Amino acid sequence: MKKITKFTKYFTFILLISLTFSSCGALVRSNIQKDISVENGSIPEEIGQEGTTLICVLKGRSSRDKYMKKHVKKKYHGKYVFVLESDLNSDKYKDVNIYRFLFDYNANSVDTWRQNADGTSTATALPTSSYFIKDRKENKIYSPKMNSSFFSKYIEAYVIQMENARIKK
């Protein structure tokens, strides 16, 4: 019998962890995509119509902003612009006929409970996000029911569904 080296054990452990996290992300994206649609009220029918530009809000948080840019650039083929939240009220974006829709998120947290060895429980706040589209002309919010801490997968799923709704016209 061959001896299993420490390297082999370590490599196997890392591989299993990587597969676990990547499959969780795919599951999250799949579940979010099912929840996001025009029919479920999380995407406006008019998204991406001619003459409009989607505002994608950046908050100055490098990780979230990075994924917002990455997924919108790759998956959304309508007109869009990335705008820092602090610049939303500038004169440049006041025309709600052109900049009708805004893609943004709210940060939330969910308490998770863990049983300690001594019988006590400890609460930990798990940060989650809820992304939404705001119709600035009608002052209406379109939001899925689901929140997630996998914000990259959430953004990707939402953008894919926005593009699907946009091209159905």
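**View 1. The whole chain at a glance.** The secondary structure of this chain comes to 3 helices and 5 strands, where helices (H or I, at least four residues) and strands (E, at least two) are DSSP runs numbered from the N terminus. Please keep in mind that this is a predicted model, in which local features need pLDDT of at least 70 and side-chain atom pairs count only at pLDDT 80 or more, while totals for chains, interfaces and linings use all residues. Residues are numbered from 1 along each chain as its sequence is written, and side-chain values use heavy atoms, with hydrogens and water left out. Read along the sequence, the pattern is α-β-α-β-β-β-β-α. Of the 169 residues, 35% count as buried, that is, under 20% relative accessible area, with exposed meaning over 50% and partly exposed in between (1.4 Å probe, protein chains only). The chain exposes about 10800 Å², and carbon and sulfur atoms supply 54% of that area; accessible areas come from the Shrake-Rupley method with a 1.4 Å probe, and for residues only the protein chains shown count as cover. Among contacts (heavy atoms within 4.5 Å) with a separation of 6 or more, 67% join residues 24 or more positions apart.

**View 2. Strand 1 beside strand 2.** Strand 1 and strand 2 (residues 80–84) pair in the parallel sense over 5 bridges; two strands pair if DSSP finds at least two bridges between them. Here I55 stands opposite V81 in strand 2, and L58 stands opposite L84 in strand 2.

**View 3. The largest nonpolar core.** A nonpolar core is a set of buried Ala, Val, Leu, Ile, Met, Phe, Trp, Tyr and Cys residues joined through side-chain atoms within 4.5 Å. The largest one has 24 residues, and those with the most contacts inside it are I47, F103, Y131, I133, Y158 and M162. At least two core residues come from each of strand 1 (54–58), helix 2 (62–75), strand 3 (101–115), strand 4 (121–135) and helix 3 (151–167). Helix 3 gives the most, with 8 residues. Apart from this core lies another, of 8 residues, including I55, V57, L88 and Y93. In soluble globular proteins, nonpolar side chains tend to be buried together.

**View 4. I133 and its surroundings.** I133 is found in strand 4 and counts as buried because its relative accessibility is 0%. Leaving aside neighbours within four places in sequence, I133 is in contact with S42, I43, P44, I47, F101, L102, F103, K140, I141, Y142, Y158 and M162. The C-alpha atoms of I133 and R100 are separated by 10.0 Å, and these residues are 33 apart along the chain.

**View 5. Aromatic rings.** Rings of Phe, Tyr and Trp (its six-membered ring) pair if their centres lie within 6.5 Å; planes under 30 degrees apart count as stacked, over 60 as edge-to-face and the rest as tilted. By this rule the count comes to 8 aromatic pairs. The rings of Y93 and Y99 have centres 5.1 Å apart and planes at 80°, so this pair is edge-to-face. Both Y93 and Y99 are buried. One aromatic cluster is formed by F103, Y105, Y131, Y154 and Y158.
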